[in-house]
Amino acid sequence: GIERKRLSDLGRFVWLGGDYVTDLAANLREFRQESVDAIAETGAGTVAVSTAHLRQEAEALSWFRREVALRAEEAEELRRQNEELL
């Protein structure tokens, strides 16, 4: 399972590995660009995508929105903490 903690609760730390939000955004952008490139290369007017892929993409975007909202909340909390320290 996944355990979530606020960054402020961790003290000093080093981030290892990639950022899943950034990776997801890059993957979605790359897939869309491949679709646009396919249209340009073949002269097709449409690109078909499976419903299974669209469902997975919708789930990924839902997770993406939740993660961005959590990060925004965390950033706001850290901003408030910084203001209190000043």
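Visitor: What should I keep in mind about the model before reading it?

Guide: The model is predicted, with local features needing pLDDT of at least 70 and side-chain atom pairs counting only at pLDDT 80 or more, while totals for chains, interfaces and linings use all residues. Residues are numbered from 1 along each chain as its sequence is written, and side-chain values use heavy atoms, leaving out hydrogens and water.

Visitor: How many helices and strands are there in the protein chain?

Guide: Helices (H or I, at least four residues) and strands (E, at least two) are DSSP runs numbered from the N terminus; here there are two helices and zero strands. Helix H2, residues 51-85, has 35 residues and reaches 51 Å from its first C-alpha to its last, close to the 51 Å expected at 1.5 Å a residue, where the expected span is 1.5 Å times one less than the number of residues.

Visitor: Which residues of H2 are buried?

Guide: Buried means under 20% relative accessible area, exposed over 50%, and partly exposed in between, with a 1.4 Å probe and protein chains only. An α-helix has 3.6 residues a turn, so residues three or four places apart point the same way. In H2 the buried residues are Glu57, Ala60, Glu67 and Glu74, and their cover includes helix H1 (20-42), judged by contact, meaning heavy atoms within 4.5 Å.

Visitor: Why does Leu70 count as partly exposed?

Guide: Leu70, placed in helix H2, counts as partly exposed because its relative accessibility is 34%. Leu70 and Arg6 lie 64 residues apart in sequence, yet 9.6 Å apart in space, C-alpha to C-alpha.
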